[in-house]
Amino acid sequence: MAQLLRRTGEGSRGEATGITSICSAHPLVLAAAIEHAARDDTSVLIEATCNQVNHRGGYTGMQPADFAGRVHAIADKAGLDRSRIILGGDHLGPNPWRKQPAEIAMNEAEAMVAAYVAAGFAKIHLDASMGCAGEPEALDDETTARRAARLAVVAEDVARRTGTPLPVYVIGTEVPPPGGADHALTAIEPTSAGAARRTITIHRDIFEQAGIAGAFSRVIGIVVQPGVEFGNENVLFYDRPKARDLCKVLNGEPQFVFEAHSTDYQGRAPLRELVEDGFAILKVGPELTFALREALYGLDLIAGDLFADYPQRTLYGVMERLMLARPEDWARHYGGSEAQQRVQRHYSFSDRIRYYWNQPEATDAVARLFDRLKGVSVPLTVFRQHLPALIRFAGRPLDPAAIAIAAVAGVVEDYAYACTGRR
């Protein structure tokens, strides 16, 4: 798996190639990505984040081995050989415990990294940039690199003790806010070339000082800001000229590719430009669950139209009540009037509704919706009203899960084109 990642950047004929990083734990999203890989006989990179999955369960309740088990079970069902799956850990560092003193937070981060590596995660993003209790919010480059090296030492030791392959690493932390910005955006500057070079140089020196130059030789990527982002209601698209100086950094550092976060909603042409310019690892998350929510709400409307005893917008109502009862995952991100917040809860590009789909109330509501529509032949006219992009499913017995997977697959296909240049 590590060899597959190391080849990312240039195809056999010299064309730019990349790989999509699927950042979601939702089973239907994972199924869409894995089924796409099975159809195309390609590999798939699936990543979990430090808050989402960790040795204490994260907000999904899953430890790294649990997440790996979920992915592998879906792959087995889809007929995708497990050797085609690359598991990655994103932002692995003290972030979930940053309110604790640094030493306590770093001890937790070490335990988390150990759990990820032991579970077979082959790609590790070392991110120790955030300050802990009593420290600045963002740390200086040297402190960040020393803590990253400390985590790499743990990863190397666990891999050797457990017999798992030595992982590849990604360094760098200059990324947009997780899940997108919480306000309207007008501009965002790419990482400066000097900052990118400094990140590489400092990490290289400190890894050598720590006696893990071998680990640094397996650092394949650096996270930088290419100048892309999305807010609740708008998207800033890639502007190639603004990133020209940054992209030149790779000319002197052939070991690396760039990893771009928050590439959601860019669309095919900007995504392809990113890959051509050296941003060979494209991370996507909220857009996948945004597409999933569109499909689920479309099915909800279809059920309301077809069945007199199915209350209109049943699923919408369940999700609204759930988010109002547990506002901690959206309240500080959505502003404005009550009406504006209601719209954002369901339709924001940051898609913070994704934190609620694994709640029992939500999973039960989706299961009831799927049960009601399963095997039903939906007229083409109704599909055109509510899910026009998926009219190929009209007029035959319906599999609602297949509809949801197909909606997500449309996003996956955009990224597959960007990473290969082939339609």
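Q: Is phenylalanine 290 buried or exposed?
A: You are looking at a predicted model, in which local features need pLDDT of at least 70, side-chain atom pairs count only at pLDDT 80 or more, and totals for chains, interfaces and linings use all residues. A residue is buried under 20% relative accessible area, exposed over 50% and partly exposed in between, using a 1.4 Å probe and protein chains only. With a relative accessibility of 11%, phenylalanine 290 counts as buried.

Q: What share of the residues of the chain counts as buried?
A: Let's apply that cut-off to the whole chain. The chain has 423 residues, and the share that counts as buried is 57%.

Q: How many helices and strands are in the chain?
A: Both kinds are DSSP runs numbered from the N terminus: helices are H or I with at least four residues, and strands are E with at least two. By that rule, the chain has 15 helices and 10 strands.

Q: Why is the chain said to be as compact as a globular protein of that length, and what is its radius of gyration?
A: The radius of gyration is taken over C-alpha atoms, and the globule rule is 2.2 Å times the number of residues to the power 0.38. For 423 residues the rule gives 22 Å, and the chain comes close to this, so it is as compact as a globular protein of that length; its radius of gyration is 22 Å.

Q: How many aromatic pairs does the count come to?
A: Rings of Phe, Tyr and Trp (its six-membered ring) pair if their centres lie within 6.5 Å; planes under 30 degrees apart are stacked, over 60 edge-to-face and the rest tilted. By this rule, the count of aromatic pairs is 14.

Q: How are the planes of phenylalanine 216 and phenylalanine 256 arranged?
A: The ring centres of phenylalanine 216 and phenylalanine 256 are 6.0 Å apart, with 65 degrees between the planes. Phenylalanine 216 belongs to helix H7 and phenylalanine 256 to the loop between helix H8 and strand E9, so the pair ties together parts 40 residues apart in sequence. Phenylalanine 216 is buried at 4% relative accessible area, and the pair is edge-to-face.

Q: Which residues form one aromatic cluster?
A: Phenylalanine 256 is buried, at 4% relative accessible area. Turning to another edge-to-face pair, tyrosine 265 and phenylalanine 290 lie 5.5 Å apart centre to centre, with 85 degrees between the planes. Tyrosine 265 is in the loop between E9 and helix H9 and phenylalanine 290 is in helix H10, so this pair links parts 25 residues apart in sequence. The one cluster is formed by Phe230, Tyr265, Phe290 and Phe349.

Q: Which helix holds arginine 147?
A: Arginine 147 counts as buried, at 13% relative accessibility. Leaving aside neighbours within four places in sequence, its contacts include Met106, Cys132 and Glu135. Arginine 147 itself lies in helix H5.

Technical notes:
Residues are numbered from 1 along each chain as its sequence is written. Side-chain values use heavy atoms; hydrogens and water are left out. Contact means heavy atoms within 4.5 Å.
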